[in-house]
Amino acid sequence: MSVLIKNATLVNADASEQADIFINNGLIERIAPAINPADVKSSDASSVEVIDASGKYIIPGGVDVHTHFNIDVGIARSCDDFYSGTVSAACGGTTTIIDHMGFGPEGCSLHHQLERYHEFARDSAVIDYSFHGTIQHIDDSILDEMESMVLDEGISSFKLYLTYGYKLDDTEVLSALSRLNQLNALTCVHPENDGAIRFLKNRMLERGLKDPIYHALSRPPECEAEAVGRMINLAVLAGDAPIYIVHLSNGIGLEYIRQAHQRGQPVFAETCPQYLQLDINRYNETCPGNFPADQGLKYIMSPPLRDSDHLEQLWHGLQDGTISTVATDHCAFTMDQKRAGRDGFQYCPNGVPGVENRIPLMFSEGVMKGRLSINHFVDLVSTQPAQLFGLYPRKGVIAEGSDADLVIIDPDCEVTLSQSQMHSRSDYCPYEGMTLQGYPVMTLSKGKIIVRNGVFKGLAGDGEFIPRETLNRCFRYWNRS
């Protein structure tokens, strides 16, 4: 069935317009001020469904470039796989995700995890997807293997960690940056100073300080900011290699990125709704006996939530363009899994659900509260992610010939968030009780209506893997002038 959407306000990153959209064979076939249903025909000879979107916005489907589905973090496996995770995404207006693959066996190849993740997603994902390569060690074979990952497999971005068990040292980071720069691939980095975190964490545990708040205090903003600044300098030494800072949570690191931009350096930053909406006070509840309350355990993540002044600085970073994208770092666990942290914050799996909340939160808190224009909102949640990660213009724009990945938002729809409405297998919502103004009421993936008024109508396996272009072919490259 083809679809004709009439009377909506079409919103792209660069402009908005009143127009109708005719969708056929999974693509946007025609955009015009007025399209008569009698003048369009379906490719499969069935009827054309006409949708009246008067008073509503149509945006390009959201692109979330930071999820963790079906990931094993050592002490637990996340509860959302590529089915429940992508259903959640679709219900929140996201039509494409790029998942950060988890670590594989020690010494494994890059292709090992790619093949494993293809198996995870192939018959489960309900929306289109891709993967970031994960670098857990560096040697000549890994450096050689990067070329086939980029050119043959369509994996045009790779993530490295400066903390956790497979952290890279500065020599390994420089090797990875240099090689990926040669391949026009983008290096993503989890920036935290591992040595400082270990020192602070051990000191707190030795003193018996095990409540959730001490997770946050063992990973202060300076630990993240130092690693951001170090990566910026190492990227210069690697030939001005483009880098992408994931889940930026603090204003000190933001200032380092702003200074890099002033020098014309290609540094891109992502933040997440939790760092814009939630603060460190979420950790402070305790129950009798000084055991951590469930409330605090819910919010254990890395980097942790910050003081409220950092939230405001991040909003300013969005407004002035220092931050390029908003993603989620969706890594969902059940409360039973989280309660392992009652014996100490070090036992609590890190992560929160969020893929379903990203677009509604950013629309309500950004657009409806006057912090962002609606076009800038689209740029942050769809267009720039698609451009940076080699999906544009297939994704991230409403244009003739692009995939018909579309979301209809009703600005008059008021929703109070509750876990009972969510589609994640996690049994809590980090934003429980928060009232949002404006909400997605319909999601289309490649022309198929897969969510209507909060009801999921898609099928497992309908999503497909999307090989991605490299930076030199797809992205509006960094303007150094």
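Helices (H or I, at least four residues) and strands (E, at least two) are DSSP runs, numbered from the N terminus. The structure described here is a predicted model.

Eight strands form an open sheet in the order 6-7-8-9-10-11-12-15, and their pairing is parallel. At its edges stand strand 6 (62-67) and strand 15 (325-326), each of which pairs on one side only.

Within this sheet, strand 9 (residues 157-161) and strand 10 (residues 186-190) run parallel and are joined by five bridges. In this pairing Phe158 faces Thr187 of strand 10. Helix 7 (residues 221-237) packs on the sheet, where it touches strand 9, strand 10, strand 11 and strand 12 (267-271). The direction of helix 7 makes about 175° with that of strand 11. Helix 4 (residues 170-182) lies across strand 9, strand 10 and strand 11 (243-245), and it runs at about 170° to strand 9.

**Antiparallel pairings**

Strands of a sheet pair through backbone hydrogen bonds, in either a parallel or an antiparallel manner. The antiparallel manner applies to strand 16 (residues 406-416) and strand 5 (residues 57-60), which are joined by four bridges. Here Tyr57 stands opposite Ile409 of strand 16. Strand 16 also runs antiparallel to strand 17 (residues 435-445), with eight bridges between them. Ile408 has Met442 in strand 17 as its bridge partner.

**The annotated span**

UniProt, in an unreviewed entry, places the feature "domain: Amidohydrolase-related" at residues 308-450. The end C-alpha atoms of this span lie 37 Å apart, and the span is 29% helix and 19% strand.

Over the whole structure, a search finds three cavities of 30 Å³ or more.

| Space | Volume | Lining by class |
|---|---|---|
| Largest cavity | about 80 Å³ | six nonpolar, six polar, no charged residues |
| Second largest cavity | about 50 Å³ | six nonpolar, five polar, one charged residue |
| Largest pocket | about 940 Å³ | 17 nonpolar, 17 polar, nine charged residues |

Which elements each supply at least two residues of the lining of the largest cavity? They are helix 2 (110-121), strand 8 (128-134) and helix 3 (140-151). The residues that line the largest cavity include Met101, Cys108, Leu110, Gln113, Gly133, Thr134, Ile142 and Met149. His137 is another residue of this lining, which has no charged residues.

The second largest cavity has among its lining residues His330, Pro353, Gly354, Val355, Glu356 and Asn357. Gln419, Met422, Ser424, Tyr428, Cys429 and Pro430 also line the second largest cavity.

The largest pocket is lined by 43 residues. Those nearest its centre are Val73, Gly74, Phe103, Tyr164 and Asn350. Helix 2, strand 9 and helix 5 (194-206) each supply at least two residues of the lining of the largest pocket.

Technical notes
Residues are numbered from 1 along each chain as its sequence is written. This is a predicted model: local features need pLDDT of at least 70, side-chain atom pairs count only at pLDDT 80 or more; totals for chains, interfaces and linings use all residues. Side-chain values use heavy atoms; hydrogens and water are left out. Two strands pair if DSSP finds at least two bridges between them. Contact means heavy atoms within 4.5 Å. Axes are lines fitted to C-alpha atoms, for helices over the stretch in contact, and angles run from 0 to 180 degrees between N-to-C directions. On a 1 Å grid over the protein atoms alone, a cavity is a set of points where a 1.4 Å probe fits but cannot get out, and a pocket is an open set with protein on both sides within 12 Å along at least five of seven lines; lining residues have an atom within 4 Å of a point. Grid points are joined across faces, edges and corners, and a volume is the space filled by probe spheres set on the points. Ala, Val, Leu, Ile, Met, Phe, Trp, Tyr, Cys and Pro count as nonpolar, Asp, Glu, Lys and Arg as charged, and the others, Gly among them, as polar. UniProt positions are given in the numbering used here, feature names are shortened, and annotations may be inferred rather than shown by experiment.
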